[in-house]
Structure formats: C-alpha cells, structure tokens
Amino acid sequence: MPRPIQATITLEALRHNLARARSAADGARVWAVVKANAYGHGVERVFPALRAADGFALLDLAEAETLRALGWGGPILLLEGCFGLEDLATCERLNLWHVVHDTAQIHWLASRSKPRAHRVFLKLNSGMNRLGFTPAQYRAAWQRLQDLPAVGAVSHMTHFATADGEPGIAHAVERFDSAVDGLPGERSLCNSAALLRYGVQPGGRREDVAAGVLGDWVRPGIALYGGSPTGVHADTRRWELRPAMSLLTRIIGVQTVEAGAVVGYGATFRAERPMRIGVAAVGYADGYPRHAPTGTPIVVDGVRTRLIGRVSMDMVMVDLDPVRAAGRAADVGSPVLCWGRHLDAELGIDEVAEPSGTLGYELMCALARRVPVQVA
C-alpha cells in the first residue's frame, strides 16, 4: 500500500471563506489571491470554488495561463507587475491587468504601440518601503502613465505593513488618500488582515467599517484558505474562517519507553515517566515544520496530544498516553491529524506554526510534491 499520508483540499471551506471575505468587503469587488500556486493548495484545485470571485490576483504568467486555460475570462491581476519588457506582449495576449511599481515598468509601457491595451494599478509606497512610488513621486508617475498611448485605465493601489497588528493602518491610509486625492480611478487597499480587521465583522454593522479603507477592490489571500493573517488561531474562529487544507497521516509504529529514556535525534526529549510513544508517517520532507518543538499540538484518534523529540525527514513521534486515557486505541493505523479538519477534530494550521516561530502561510506553501492531494 502507499505511504499513509494525504492532504485534502476542501472546496466547501474555500467557498465559505470567499463568501466571508465578500461579506467583510461590503460591496467592494474581491480579488481571489492565488499566488504561490494558491498558497500551496493548487490553482487547478481551488478554481472551481474561487471562480465566484470578481478576479484573480497572482504573480506568475504561468499561473495566469493556467487560469485562462481553465476557462476564466474575467480580470487577472499581476501583483508584482511585469518583470521584463517581453511580458507586456503576454499581458496583451491574455488580457492581463498589472501593477506598476517602478519607473522601469513605465519605460517598458512607453515602448508599446497597441492603443489602450494595458489596464494598470499604480502602486503607492505608503510606508512599507518594499514596492511602489513614494507619495512625492506618485502623481508624476500617474501623469506619465496617463500620457502613454498603450495605457488605458489607471487604478490606485497600496499594501499595508502593519494591518495585522499595531500601529495599524491609519497612517498608511492617510498617506494613500493624500496621494490619490482628486485623481480618477479605482482603488485597492485591503489585504486579508486589513479586510478582516477593518471591514464588516461577522454580525457587525456597516457603519463600523473604517472609512474609505475598502475601496473598490479588496485582495484576500490567506483568509481564503482558512489561515489567520495575524498568525493567531483564535482570530480564524473570530472571523469565522474554515481550514481549506488538511494533512492526515497514520501511526506506523509504537514504542513503550521507561522513565529516563530518550526519544529521537539528538536525544532532545527524555521521558519523565513510562510512556507509550507513536511514530507517525510525516516529516519535514512532507512540509511539516522541521523546528516544531516538543509540545506542538497534534491529533491522534480525534484526541489532542503533543509532539515529542525532533522532527525527522519522514517521521514524528507523538505522546500516546493522552489518547489512551481518552479511551482510544492509539495503535498502528490510528489516524493522525497534522493540521486542518478530520471528522469532528480540528487543529488550526497556525497552532502548529506558532511553536516553530512561523506562520500558517509557510506550512501551506511548503506542502511537498510527494504528498498525495485529494479534493473533497
């Protein structure tokens, strides 16, 4: 039989999360962000559930080609814009919208002659200092684009550095509003964190929405996949998000060790009492975090327990005593939920990521090619 590990992508969870994003957006149109192969879920796999979005946003031309091949005829936005002059021909062929964040991209557009072929989103650097024109440069860049024969509509865009925490977005929104004041064009500001924190809350009132922040387009990414943009699992429940990816394996071996025995590479765990230990068929070669420490939550036979010792390439060790205490078999063949949902059990991906000092984003994107994936 094949190795007993499998990831499941749940389309109903994706549909639910998209609907939740649309509710928070309060009438703004929704880009479904599917960069990084849909955050590790697979563009082809998520497309049936996310095609209800108003558009798709991504980075790679190959992913844009995939969406067109799947039959998507609506807007597709290149979030980092074109990487070279030659990409503009592909944008024209596939009718792609693209972000302009650097003067080089304006120079490339100046060389095109096809009239009004390019719908662009001009990006403001509102304080993140990653991509975009500074407020002092912004209007000149906008005017340059307006004067180019190949450019059609010019929209406005920014990205928040601290939407997931303090000091929040107020200063960045103020910079954005000042930079685009009086300029025509649609606006896009909100990523997942800004949308969920400052948009319409579950059961909330529209008047509670931060003024102007929703704009014309919002750009949810991690929220669509049921992860927390803050890295705090409790926030996914507060915002009523559901996990779209579940990683399930099984116990393949059991050891009984005496008090004082060590477990795993480096002998980093020493049993404080006689223990029953399960060996599960998952490791860092599957995308499980290499630095997950002893105590990281994991679910065996529907019961929460803990990881013990170091994560190996193909295996992890788990404490079976809490599972046996709950009256479950906890033996070879028992199901092990690494993250996501299985039957009545749920383990948030951010609960697994946090002890390793990372985010659910990384775990989703790190799912290894050797892990079989089914769509449910």
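The largest cavity holds about 90 Å³ of space, and a search of the whole structure turns up 2 cavities of 30 Å³ or more. This is a predicted model, where local features need pLDDT of at least 70, side-chain atom pairs count only at pLDDT 80 or more, and totals for chains, interfaces and linings use all residues. Residues are numbered from 1 along each chain as its sequence is written, and side-chain values use heavy atoms, with hydrogens and water left out.

**Cavities**

- On a 1 Å grid over the protein atoms alone, a cavity is a set of points where a 1.4 Å probe fits but cannot get out, and lining residues have an atom within 4 Å of a point.
- Grid points are joined across faces, edges and corners, and a volume is the space filled by probe spheres set on the points.
- The largest cavity has 15 lining residues, with Y225, G226, P243, G348 and I349 nearest its centre.
- Helix 10 (233–238), strand 17 (335–342) and helix 12 (349–353) each give at least two residues to that lining; helices (H or I, at least four residues) and strands (E, at least two) are DSSP runs, numbered from the N terminus.
- Sorted by class, the lining of the largest cavity has 8 nonpolar, 5 polar and 2 charged residues (Ala, Val, Leu, Ile, Met, Phe, Trp, Tyr, Cys and Pro count as nonpolar, Asp, Glu, Lys and Arg as charged, and the others, Gly among them, as polar).
- The second largest cavity holds about 50 Å³, and its lining residues include K123, N125, R130 and H159.

**Pockets**

- A pocket is an open set of points with protein on both sides within 12 Å along at least five of seven lines.
- The largest pocket takes up about 540 Å³, and of its 26 lining residues, K35, Y39, R130, H159 and N191 lie nearest its centre.
- Helix 2 (35–39) and helix 9 (192–198) each supply at least two residues of the largest pocket's lining, which has 15 nonpolar, 5 polar and 6 charged residues.
- About 220 Å³ lies in the second largest pocket, where the lining includes A36, N37, E44, R45 and C365.
- Helix 2 and helix 3 are the elements that give two or more residues to the lining of the second largest pocket.

**Helix packing**

- Helix 4 (residues 61–69) and helix 5 (residues 87–94) pack at about 15 degrees, with axes 11 Å apart (axes are lines fitted to C-alpha atoms, for helices over the stretch in contact, and angles run from 0 to 180 degrees between N-to-C directions).
- That makes helix 4 roughly parallel to helix 5 (angles under 35 degrees count as roughly parallel, over 145 as roughly antiparallel, 65 to 115 as roughly perpendicular and the rest as oblique).
- In this pair, L61, A64, E65 and R68 of helix 4 meet D87, T90, R93 and L94 of helix 5, where contact means heavy atoms within 4.5 Å.
- Helix 1 (residues 11–25) and helix 3 (residues 43–50) pack at about 55 degrees, with axes 8 Å apart, so helix 1 and helix 3 are oblique to each other.
- L11, L14, R15 and L18 in helix 1 meet R45, V46, P48, A49 and L50 in helix 3, and this contact splits into 7 nonpolar, no polar and 2 charged residues.
- Helix 3 also packs with helix 4, at an angle of about 50 degrees and with axes 11 Å apart.
- V43, E44 and F47 in helix 3 meet E63, T66 and L67 in helix 4.
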